[in-house]
Amino acid sequence: MELSLICVKQIAVMFILVSLGILCGKKKLINKETNSKLSSFVLEVVNPVLIFMSYQQDFNTQLLLGLGLSVVLGFISYGIMIFLVMILYRKNHTDEGRVEQFAAVYSNCAFMGIPLINGLFGAEGVFYLTGYVTVFNIMVWTHGVISFGGKEQKTSLKKVLTSPAIIATVLGLVTFLIRPALSEIPFPAFIKATVGVVLSAADYVGSMNTPLAMLCAGVTISETVIGDHIRNIGVYRATFLRLIVCPVLFWLIFRWFPIPHMVFMVVMAAAGCPAAATGTMFAIRYKKCPEMAAVIFAVTTLLSAVTLPMMVMLGSV
C-alpha cells in the first residue's frame with residue numbers, strides 16, 4: 001500500500017505540473033517557439049546541473065561498489081532494450097517509429113525513481129539509483145541524440161560526447177571520488193563559504209528540472225489533437241515495451257545472478273518507470289512528432305500507477 005501511495009503521489013504531482021503547461025499553452029502564455037527554447041534550456045543547462053549535484057555525496061567504499069554495479073546493470077539493461085527495439089523496428093524508419101523506440105528504451109528514472117526508491121530503501125537506495133541515472137544520461141546524450149537526429153548526427157559524435165550532460169557526469173563522478181582527499185585540505189573559510197554558495201545556487205537550478213520538463217510536455221500536449229494519437233497503436237506498443245517488457249526482461253535475466261537485493265530492486269524499479277520526459281523535449285528539438293511523444297509520456301505515466309507497483313512486487317519474488 002505504501003508503494004502504491006508513493007507512485008500515485010508522484011504521478012499526481014506530474015500531472016498537476018503538466019496541466020499547468022497545458023493551461024499556459026492554451027492561454028498562449030508560452031508559444032511553440034518559446035517552448036522549444038525552454039526545452040533547450042532544460043537540456044543544456046538545468047539537466048547537467050542536476051546530474052552534477054546528484055554526486056555531491058559523502059564518499060563511502062560500499063556505496064561506490066553498489067554504484068558501480070548499478071552502472072554495469074544499467075548499461076546491460078539499456079543494451080538489451082536497444083537491441084530489442086532495433087529488431088522490432090528494423091523496417092520502421094519513420095519519425096513516429098523513432099519516438100516509439102526512444103520511449104520504449106528510456107524511462108523517467110530520476111523523477112519517478114528517486115521518491116519511489118527513497119520510500120523503499122532510503123538514502124542508500126537513492127545513491128545506487130544515481131548509477132542508473134548516470135547511464136541514462138550517457139545513453140540519452142549519445143544513442144538517444146543519434147537515434148533522434150538521424151544519420152547526420154553520426155558525424156558529430158564527438159560533439160555529443162562533449163555535451164553539457166556528459167561533462168557534468170564526468171565532473172560529478174570526479175568530485176565524488178576525490179571528496180576524501182579534499183576533506184583533508186585546510187581550505188580558508190572564505191573558499192569553503194564560496195563553494196557552499198555556489199553549490200546552493202546549483203541546487204536551486206537543478207531543482208527546476210522536473211517542473212520545467214513537465215511544463216514543456218504540457219505546452220506540447222496543448223498543441224496536440226489528442227484524438228489523432230490516442231487511437232494510434234504505436235502509443236500502446238511503446239507503452240507495453242516500456243512498462244512491461246523492459247522490467248520483466250531485467251527480472252528474467254538478472255534474478256539468477258548474485259546481485260545485492262537492494263541494488264537489484266533499485267535498477268528494476270528504475271527500468272519499470274514511465275517514458276522519459278526527455279523524449280518529448282528531444283522530439284521538440286528535432287521536430288520528430290512531439291505531439292505523439294507527449295501522448296506516450298502521458299499514457300505511460302498514467303498506467304505506471306498500476307504497473308510500477310506490480311513490477312516492484314515481482315522483483316521481490
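Residues are numbered from 1 along each chain as its sequence is written, and side-chain values use heavy atoms, with hydrogens and water left out. In this predicted model, local features need pLDDT of at least 70 and side-chain atom pairs count only at pLDDT 80 or more, whereas totals for chains, interfaces and linings use all residues.

Voids were searched on a 1 Å grid over the protein atoms alone. A cavity is a set of points where a 1.4 Å probe fits but cannot get out. A pocket is an open set with protein on both sides within 12 Å along at least five of seven lines. Lining residues have an atom within 4 Å of a point. Grid points are joined across faces, edges and corners, and a volume is the space filled by probe spheres set on the points. By this rule, the model holds two cavities of 30 Å³ or more.

The largest cavity has a volume of about 60 Å³. Its lining consists of Val99, Phe102, Ala103, Phe148, Ala275, Ala276, Gly279, Thr280, Ala293 and Phe297. Helices H4 (95–105), H14 (277–286) and H15 (290–315) each give two or more residues to this lining. Helices here are DSSP runs of H or I with at least four residues, numbered from the N terminus. H4 gives the most, with three residues. By class, the lining has eight nonpolar residues, two polar and no charged. Ala, Val, Leu, Ile, Met, Phe, Trp, Tyr, Cys and Pro count as nonpolar, Asp, Glu, Lys and Arg as charged, and the others, Gly among them, as polar.

The second largest cavity has a volume of about 50 Å³. Ser77, Ile80, Met81, Cys246, Leu249, Phe250 and Phe254 line this cavity. Two or more of these residues come from each of helix H3 (61–88) and helix H12 (233–254). H12 gives the most, with four residues. Six lining residues are nonpolar, one is polar and none is charged.

The largest pocket has a volume of about 690 Å³. It is lined by 34 residues. Leu50, Ala110, Phe111, Ile114 and Asn209 lie nearest its centre. Helices H2 (32–54), H5 (113–149), H9 (189–206), H10 (209–222) and H14 each give two or more residues to the pocket lining. H5 gives the most, with nine residues. The pocket lining divides into 21 nonpolar residues, twelve polar and one charged. H14 also gives two or more residues to the lining of the largest cavity.
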